[in-house]
Amino acid sequence: MPTLLLVDSTGRIVESFVGKLDSAKEELVMATLHSRNHLRAVEEK
């Protein structure tokens, strides 16, 4: 099952999404990444 974890620069998980992202959730992920430039996305399959 796809899992997307947003982690900060210290490796702390600040947000997670489980399952396939619909377009609304995908926009939320991208907005979160853009608003918090210290985050990075880590995807696990």
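1. Start with the contacts in the chain. Take those between residues at least 6 apart in sequence: 46% of them join residues at least 24 apart. Keep in mind that this is a predicted model.

2. Next, the order of the elements. The chain has three strands and one helix. Read from the N terminus, they run β-β-α-β.

3. Look at the strand pairing. Strand S1 pairs with strand S2, which covers residues 13-18. The sense is antiparallel, and there are five bridges.

4. Now the turn. S1 and S2 form a hairpin, with five residues between them. Which residue in the turn has a positive phi? It is Gly11, at about 90 degrees.

5. Then the core. The largest nonpolar core has five residues: Leu4, Leu6, Phe17, Val29 and Leu33. Strand S1 (3-7) supplies at least two residues of this core, and so does helix H1 (23-35). As background, nonpolar side chains in soluble globular proteins tend to be buried together.

6. Last, burial and surface. The chain has 45 residues, and 27% of them count as buried. The chain exposes about 3,500 Å². Carbon and sulfur atoms supply 51% of that area.

7. Follow the hairpin from S1 through the turn with Gly11 to S2. Then pick out the core residues, among them Phe17 and Val29.

Definitions and conventions
Residues numbered from 1 in each chain as written. Predicted model: local features only at pLDDT ≥ 70, side-chain atom pairs only at ≥ 80, totals over all residues. Heavy atoms only, no water. Helix = DSSP H or I, 4+ residues; strand = E, 2+ residues; numbered from the N terminus. Buried < 20%, exposed > 50% of the residue type's maximum accessible area, 1.4 Å probe, protein only. Contact = heavy atoms within 4.5 Å. Areas by Shrake-Rupley, 256 points an atom, 1.4 Å probe, with all protein chains shown as cover. Core = buried A, V, L, I, M, F, W, Y, C linked by side-chain atoms within 4.5 Å. Pairing = 2+ DSSP bridges.
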